[in-house]
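Keep the structure open as you read.

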Amino acid sequence: MTTWPAPAKLNLFLHITGRRSDGYHELQTAFQFLDYGDDLEFEITQTAAISLRESMPDVNDDENLIVRAAKLLQRHTGSQKGAVIGITKRLPMGGGLGGGSSNAATTLVALNQLWECGLTRAELAQLGLQLGADVPIFISGQAAWAEGVGEQFTPISPTEPWFVVIKPDCHVSTAEIFSSAELTRDCEPITISRFLSGEGRNVCEDVVRMHYPAVAQALNWLAQYAKPRMTGTGACVFAEFDDQQQAQDVVDNLPSDWQGFVAKGINRSPLTAHALVFNQPNVTARC
């Protein structure tokens with residue numbers, strides 16, 4: 001049995017620059033990883049069955065992105081091996097931290113290696129895109145500027161501060177936010193250099209504030225200590241700090257019924273340290 005990391009991500013900003021004829025939104029955003037996330041354990045079997053050691057609350061196993069990712073890799077490669085997969089869950093569901101997408105990416109990367117499939121990182125990213133627009137960023141393993149519908153990546157290296165992350169007691173519907181008539185969809189495109197100089201905001205934040213009072217309350221509370229931001233379509237909000245102790249002092253003052261944690265922003269995913277695929281980009285499939 002082997003353990004693999006599935007880190008969280010933050011959207012450091014989020015602009016919507018237009019809407020395509022197929023209904024998808026054109027985005028600009030920047031992803032950065034956190035040194036905090038879930039852990040997945042893989043026990044490889046010689047039968048093709050895929051199972052979870054424990055089911056996740058309110059999620060059917062067949063709809064779980066971990067199971068879907070494993071079965072997708074099986075179908076694509078023809079592997080006859082299977083796995084029993086366990087998860088140590090730390091990331092809140094529906095928080096905008098990419099927990100499900102990260103789990104899917106780690107599953108693809110780990111089983112590609114453990115089943116000896118030999119797919120390249122680019123091939124895994126293409127598979128991952130079938131599971132969600134955020135999955136390829138976790139497979140790439142590098143902080144990135146993203147455009148298009150979120151699938152066009154350019155590596156970036158923003159500063160790596162300490163973050164306080166707060167999860168309000170609510171679940172934000174991404175579909176609801178992106179379909180809202182109040183959402184700004186005509187942001188002027190900006191450049192990477194302008195973002196790294198401090199420009200950019202999350203245009204979803206205003207809409208979420210109006211419809212989810214718990215998110216507004218968390219943003220207002222965090223504003224006492226630093227400039228608060230929301231990641232993705234929420235519900236998690238965050239702020240950056242110069243050192244770990246500053247951030248921990250803020251978390252120590254959280255209202256008793258709130259959830260929050262301290263994490264360091266990192267530009268290289270811890271998943272890259274586990275996977276041979278990151279050092280062997282031209283391996284051909286063997287399954």
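For sorting residues by class, Ala, Val, Leu, Ile, Met, Phe, Trp, Tyr, Cys and Pro count as nonpolar, Asp, Glu, Lys and Arg as charged, and the others, Gly among them, as polar. The model is predicted: local features need pLDDT of at least 70, side-chain atom pairs count only at pLDDT 80 or more, and totals for chains, interfaces and linings use all residues. Residues are numbered from 1 along each chain as its sequence is written, and side-chain values use heavy atoms, with hydrogens and water left out.

Start with the pockets. A pocket is an open set of points on a 1 Å grid over the protein atoms alone, where a 1.4 Å probe fits, with protein on both sides within 12 Å along at least five of seven lines; lining residues have an atom within 4 Å of a point. Grid points are joined across faces, edges and corners, and a volume is the space filled by probe spheres set on the points. Helices (H or I, at least four residues) and strands (E, at least two) are DSSP runs, numbered from the N terminus.

The largest pocket has a volume of about 1,300 Å³. Its lining takes in 45 residues, and S101, A133, D134, T174 and T233 lie nearest the centre. β1 (2-19), β2 (25-45), α1 (65-77), α2 (99-114) and α5 (174-178) each give two or more residues to this lining. By class, the lining holds 17 nonpolar, 22 polar and 6 charged residues.

The second largest pocket has a volume of about 340 Å³. It is lined by 16 residues, with L12, F195, G198, R229 and E240 closest to its centre. Here β1 and α6 (192-196) are the elements that give two or more residues. The lining divides into 8 nonpolar, 4 polar and 4 charged residues.

Go back to T233, in the loop between β8 and β9. Is T233 buried or exposed? It is buried, with a relative accessible area of 7%. (Buried means under 20% relative accessible area, exposed over 50%, partly exposed in between, with a 1.4 Å probe and protein chains only.) Beyond its neighbours within four places in sequence, T233 is in contact (heavy atoms within 4.5 Å) with V172, T174, I177, F178, C204 and V208. V172 is 61 residues away along the chain, yet its C-alpha atom is 7.0 Å from that of T233.

Next, the helices. The axes of α7 and α8 come within 5 Å and cross at roughly 115 degrees. Axes are lines fitted to C-alpha atoms, for helices over the stretch in contact, and angles run from 0 to 180 degrees between N-to-C directions. From α7, E205, V208, R209 and H211 meet P213, V215, A216, L219 and N220 of α8. Helix α8 (residues 213-222) buries V215, A216, A218, L219, W221 and L222. These buried residues pack against β7 (162-167), α7 (204-211), β8 (229-230), β9 (237-241) and α9 (244-252).

Finish with the rings. The structure holds 8 aromatic pairs. Rings of Phe, Tyr and Trp (its six-membered ring) pair if their centres lie within 6.5 Å; planes under 30 degrees apart count as stacked, over 60 as edge-to-face and the rest as tilted. Y36 and F261 are stacked, because their ring centres are 3.9 Å apart and their planes at 15 degrees. Y36 is in strand β2 and F261 in strand β10 (residues 259-266), so the pair ties together parts 225 residues apart in sequence. F261 is buried at 12% relative accessible area, whereas Y36 is partly exposed at 25%.
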